[in-house]
Amino acid sequence: MSPLEDKVLFTVSTMFGAFIRELFKTEAGGEWFMDESDPNATFVVLNYEGRAYPFASVCFEKIVNNSDISACRYFELALSNFEA
């Protein structure tokens, strides 16, 4: 893959991940956290009740490595952690 393709895939994954994070935040709550400990590999997760949800990483894995991964299923499982 070329550097441009890598950048596009990263951007698309980040956009989809941000959308899913906002849906989760609306449904359950939470706070965005940007890990900048490595300036060359920053990433954003949603922290909620002591857990971190890397929605963009899930999207990236689906697009790049494993089409069987379901971002929707990951979202549902994340929400089910907090349902009564």
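**The largest pocket**

A: In the lining of the largest pocket, six residues are nonpolar, four are polar and two are charged. This is a predicted model. The space in the pocket comes to about 230 Å³.

Now the names. The lining includes Phe10, Ser13, Thr14 and Arg21. Met34, Thr42, Phe43 and Val44 line the pocket as well. Ala56, Ser57, Phe60 and Glu61 also belong to the lining. Arg21 and Glu61 are the charged pair in this list. Ser13, Thr14, Thr42 and Ser57 are the polar residues.

Next, the elements behind these residues. At least two lining residues come from each of α1, β2 and α2. Helix α2 covers 55–64. Helix α1 spans residues 3–27. Strand β2 runs over residues 43–48.

Three strands form an open sheet in the order β1-β2-β3, and their pairing is antiparallel. On average, neighbouring strands here are turned by 40° against each other, direction ignored. Helix α1 packs on this sheet and touches β1, β2 and β3. The direction of α1 makes about 10° with that of β2.

Strands β2 and β3 are joined in the antiparallel sense over three bridges. Leu46 has Tyr53 in β3 as its bridge partner. In general, strands of a sheet pair through backbone hydrogen bonds.

Technical notes. Residues are numbered from 1 along each chain as its sequence is written. This is a predicted model: local features need pLDDT of at least 70, side-chain atom pairs count only at pLDDT 80 or more; totals for chains, interfaces and linings use all residues. Side-chain values use heavy atoms; hydrogens and water are left out. Two strands pair if DSSP finds at least two bridges between them. Helices (H or I, at least four residues) and strands (E, at least two) are DSSP runs, numbered from the N terminus. Axes are lines fitted to C-alpha atoms, for helices over the stretch in contact, and angles run from 0 to 180 degrees between N-to-C directions. Contact means heavy atoms within 4.5 Å. On a 1 Å grid over the protein atoms alone, a cavity is a set of points where a 1.4 Å probe fits but cannot get out, and a pocket is an open set with protein on both sides within 12 Å along at least five of seven lines; lining residues have an atom within 4 Å of a point. Grid points are joined across faces, edges and corners, and a volume is the space filled by probe spheres set on the points.
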